[in-house]
Amino acid sequence: TLFMDEQLYPTEGIIGGFCNWNRESDVPLGYYFWAGVATVGAACRYNFFIDRNTDTLRLNHYFVLVGNKATGKSTALDASLEVLAHLNHQCWSWKPGRPLPPLTDPHPFHIRALPEDTNQETLVRQLANRVDVMDDGSKIHVDSTGFFGLDELATFLGRDTWAISKRVPFLTRIYGGDKPYTYHTQKGGKIT
């Protein structure tokens, strides 16, 4: 049974199913709803869009769960990451807890969960845009998308110079850029 303030959340469809799957917990249903929206957006990556003739609308979601301590914000995020890990397992035969296969392995449906504690080079390496060759010789474009799920806003904003002054402008630049972003490393060369 839904409480009066929970009547607005769906009980059917993908997000409704996600909410129903988590309904028995003490976490507010709103947290699960928004975690479900982010999960759908991450699973769709850049494959689905609305063509509005003048521009393209993609399923990009940025959300912050706000609430008191120990109300379940991290629990909702963990449920989202669990679903994404299962999608990777179903589509790519990767299992949580195992090391990731080499980047050269074909994985067109992989949803990249980006590491929480990261720097600019790590993000560029994780999001590197490339073309993979499948077993049948066909080539597939692996897009530069990822799910950046942080359980604390303070982790995102951080205390170091990179997090405070450079992370948001960097993410904005690579997201909005029409041309490839190139990062030059000291020893590893150029990453696009």
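This note goes through the predicted model point by point, from overall layout to single residues.

1. **Basis.** This is a predicted model, in which local features need pLDDT of at least 70, side-chain atom pairs count only at pLDDT 80 or more, and totals for chains, interfaces and linings use all residues. Residues are numbered from 1 along each chain as its sequence is written, and side-chain values use heavy atoms, with hydrogens and water left out.

2. **Confidence.** pLDDT is the predictor's confidence in each residue, from 0 to 100. The chain averages 78, and 82% of the residues score at least 70. Helix α1 has the highest confidence, at 89. Strand β3 (residues 130-133) has the lowest, at a mean of 70.

3. **Layout.** The chain has 6 helices and 6 strands. Helices (H or I, at least four residues) and strands (E, at least two) are DSSP runs, numbered from the N terminus. Along the sequence the pattern reads α-α-β-β-α-α-β-β-α-α-β-β.

4. Of the 192 residues, 33% count as buried. Buried means under 20% relative accessible area, exposed over 50%, and partly exposed in between (1.4 Å probe, protein chains only). The chain exposes about 13,000 Å², with carbon and sulfur atoms supplying 55% of that area. Accessible areas come from the Shrake-Rupley method with a 1.4 Å probe; for residues, only the protein chains shown count as cover. Contact means heavy atoms within 4.5 Å. Among contacts with a separation of 6 or more, 51% join residues 24 or more positions apart.

5. **Largest core.** A nonpolar core is a set of buried Ala, Val, Leu, Ile, Met, Phe, Trp, Tyr and Cys residues joined through side-chain atoms within 4.5 Å. The largest one holds 13 residues. Phe18, Cys19, Tyr31, Tyr32, Phe33 and Ala76 touch the most other members. Two or more residues come from each of α1 (13-22), α2 (29-44) and α3 (73-92). Helix α2 gives the most, with 6 residues.

6. **Sides of α1.** Which residues of α1 are buried? They are Gly16, Phe18, Cys19 and Asn22. These residues cover an arc of only 160 degrees around the axis, so they sit on the same side of α1. The arc is that of the directions from the helix axis to the C-beta atoms. The face turned away from the buried side carries the exposed residues Gly13 and Ile14.

7. **Phe18.** Phe18 is buried, at a relative accessible area of 8%. Not counting residues up to four places away in sequence, Phe18 touches Tyr32, Ala35, Gly36, Ala76, Ala79, Ser80 and Val83.

8. **Ala76.** Ala76 is in helix α3. Its relative accessible area is 0%, so Ala76 is buried. Leaving aside neighbours within four places in sequence, Ala76 is in contact with Phe18, Tyr31, Tyr32, Ala35 and Leu65. The C-alpha atoms of Ala76 and Asp151 are separated by 9.4 Å, while the two residues are 75 apart along the chain.

9. **Aromatic pairs.** There are 5 aromatic pairs. Rings of Phe, Tyr and Trp (its six-membered ring) pair if their centres lie within 6.5 Å; planes under 30 degrees apart count as stacked, over 60 as edge-to-face and the rest as tilted. Phe18 and Trp21 form a tilted pair, 6.0 Å centre to centre with 50 degrees between the planes. These two are 3 residues apart in helix α1, so about one helical turn separates them. Trp21 is partly exposed, at 47%. The pair of Phe33 and Trp34 is edge-to-face, because the ring centres are 4.9 Å apart and the planes stand at 80 degrees. Phe33 is buried, at 16%, whereas Trp34 is partly exposed, at 42%. Ring pairs also link Tyr9, Phe33 and Trp34 into a cluster.

10. **Positive phi values.** Two residues deserve a look here. Asn53 has a phi near 65 degrees, a positive value in a residue other than glycine. Asn53 lies in the loop between β1 (49-51) and β2 (56-58) and is exposed, with a relative accessible area of 76%. Ala70 has a phi near 60 degrees, also positive in a residue other than glycine. Ala70 lies in the loop between β2 and α3. Is Ala70 buried or exposed? Ala70 counts as exposed, at 85% relative accessibility.
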